[in-house]
Amino acid sequence: MVDYFLSLNPVCQAFAAGLFTWALTAFGAAFVFFFKNVNRKLLDILMGAAAGVMIAASFWSLLSPALDYAEADYGKFAWAPVTIGFLFGGFFLRFIDHIVPHLHLSKPITEAEGGALYNKKKLSKSTLLFLAITIHNFPEGLAVGVTFGALASQVPNVDISVMAAISLALGIGLQNIPEGAALSLPIRAEGKSRTKAFAYGAMSAIVEPIGAVMGAAFVMSMTNILPYALAFAAGAMIFVVVEELIPESQSGGNSDSATLGLLLGFVVMMILDVALG
């Protein structure tokens, strides 16, 4: 099975990795069939750990390789394309965040919270929550795809291993579990059926395999944009961490536990990337 995966085209590997991260989101969403709710402290710790995983992945799996790739073409100015890509990734997610109606998980799920947005767009609170998670799942899939696509590059003195790409997919997949639960359980509490709540949670990450394929195909067709693409994915992921995951983990009154979870998640992802990469 492993040998078969390693023999695949990087785009196919990216698609398989995207399906894996999506499956773990569905696994988290399936908690709705077994629990009415999840202990808030535990959820905050898991959300903090998810933030730590994404911060570590942004550096070791994306920014560090981006600098290596950029150095081959830009020398001492390798920071320039990485800076441009990183900022563009964050600003792009901010733009999408602005134009797509959604609710933030860290705020109470009430009619009042939806406010004018709920009334104007005629969207249910469940849909607004779904859109919030979906927006933030796309860059995760893109990051996985860009990393696998980079495997096909032939840049001298730059080496990114398939195990490093796998470790990124594994890290993102693990942090998707609490995200799936954090979406399906509130939707269930809102009065929706368990099946519908699960469907919302699971389908919020269907964009990940799509983003993975797009990212891999794009960088394989234009290898010179690799430092920009890797940094773009990192910037988008950091935006998600600061905009959603950290506020969510800190909003339940368990800030110390959530912070420790972030540190643990960071260390686990660092170990995965260094050990497997």
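The side chain of Gln175 makes a polar contact with the side chain of Asn176 at 2.9 Å; such a contact is a pair of N or O atoms within 3.5 Å, where within protein one must be able to donate a hydrogen and the other to accept it, and residues adjacent in sequence count only if both atoms are side-chain atoms. The model is predicted: local features need pLDDT of at least 70, side-chain atom pairs count only at pLDDT 80 or more, and totals for chains, interfaces and linings use all residues. Residues are numbered from 1 along each chain as its sequence is written, and side-chain values use heavy atoms, with hydrogens and water left out.

- Gln175 lies in helix α7 (residues 162-189); helices (H or I, at least four residues) and strands (E, at least two) are DSSP runs, numbered from the N terminus.
- Gln175 is buried, at 2% relative accessibility; buried means under 20% relative accessible area, exposed over 50%, and partly exposed in between (1.4 Å probe, protein chains only).
- Apart from neighbours within four places in sequence, Gln175 is in contact with Ala50, Val53, Met54, Glu140 and Leu245, contact meaning heavy atoms within 4.5 Å.

**Salt bridges**
- The structure holds 2 salt bridges, each defined as a side-chain nitrogen of Lys or Arg within 4 Å of a carboxyl oxygen of Asp or Glu.
- Arg40 pairs with Asp44, the closest N and O atoms being 2.9 Å apart; these residues are 4 residues apart in helix α3 and therefore separated by about one helical turn.
- Glu248 forms a salt bridge with Arg40, with the closest N and O atoms 3.6 Å apart. This pair links distant parts of the chain, Glu248 in helix α10 (residues 226-250) and Arg40 in helix α3, 208 residues apart.

**Chain-level description**
- The protein chain has 11 helices and 0 strands.
- Buried residues make up 49% of its 277 residues.
- Of the contacts in the protein chain with a separation of 6 or more, 83% are between residues 24 or more positions apart.

**Annotated spans**
- The unreviewed UniProt entry annotates "transmembrane region" at several spans, including residues 42-63 and 197-219; such annotations may be inferred rather than shown by experiment, feature names are shortened, and positions are given in the numbering used here.
- Residues 42-63 are 100% helix and 0% strand, with end C-alpha atoms 30 Å apart.
- Residues 197-219 are 87% helix and 0% strand, with end C-alpha atoms 36 Å apart.
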